[in-house]
Amino acid sequence: MFEAVSQSILSKWESEKQEPPLLKRMCIANILGQSYALNNEEKNQLKYAHSLDLQHQKFQNIYDYQHNKVKLAHWEKIENIEKDLIEK
């Protein structure tokens, strides 16, 4: 994901020409060591995406793990074993 954050993306965002997708905004915040607070629209998008995921549980998951909740956490406070799982 970090490779997908380019100078072009940052410049367009700073000049208010184009806002990066949610995942990239969260990635940028992580790179800068900041937490990312979701606004109401983003929370609704995640709820909708989660509902779609629940509807499609019968299909094979492309990830090698299952998730059951979303939690906001500061990178510094995450245990190393969890950081290793995230970075994989």
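Where does Glu42 lie? Glu42 lies in helix α3. Helices here are DSSP runs of H or I with at least four residues, strands are runs of E with at least two, and both are numbered from the N terminus.

This is a predicted model: local features need pLDDT of at least 70, side-chain atom pairs count only at pLDDT 80 or more, and totals for chains, interfaces and linings use all residues. Residues are numbered from 1 along each chain as its sequence is written, and side-chain values use heavy atoms, with hydrogens and water left out.

**The chain as a whole**

The protein chain has four helices and zero strands. Along the sequence, the pattern reads α-α-α-α. Of the 88 residues in the protein chain, 14% are buried. Buried means under 20% relative accessible area, exposed means over 50%, and partly exposed falls in between (1.4 Å probe, protein chains only). The protein chain exposes about 8,100 Å², and carbon and sulfur atoms supply 53% of that area. Accessible areas come from the Shrake-Rupley method with a 1.4 Å probe; for residues, only the protein chains shown count as cover.

Contact means heavy atoms within 4.5 Å. Take the contacts in the protein chain between residues at least 6 apart in sequence: 25% of them join residues at least 24 apart.

**The salt bridges**

The structure holds two salt bridges. A salt bridge is a side-chain nitrogen of Lys or Arg within 4 Å of a carboxyl oxygen of Asp or Glu.

| Salt bridge | N to O distance |
|---|---|
| Glu19 and Arg25 | 3.2 Å |
| Arg25 and Glu42 | 2.3 Å |

Arg25 forms a salt bridge with Glu42. This pair links distant parts of the chain: Arg25 sits in helix α2 (residues 22-31) and Glu42 in helix α3 (residues 40-55), 17 residues apart. The side chain of Arg25 also meets that of Glu19 in a salt bridge.

Arg25 counts as buried because its relative accessibility is 7%. Glu42 has 5% relative accessibility, so Glu42 counts as buried. Glu19 has 53% relative accessibility, so Glu19 counts as exposed.

**Around Glu42**

Which residues does Glu42 contact, leaving aside its neighbours within four places in sequence? Glu42 is in contact with Leu22, Arg25, Tyr36 and Ala37. Arg25 is also its salt-bridge partner.
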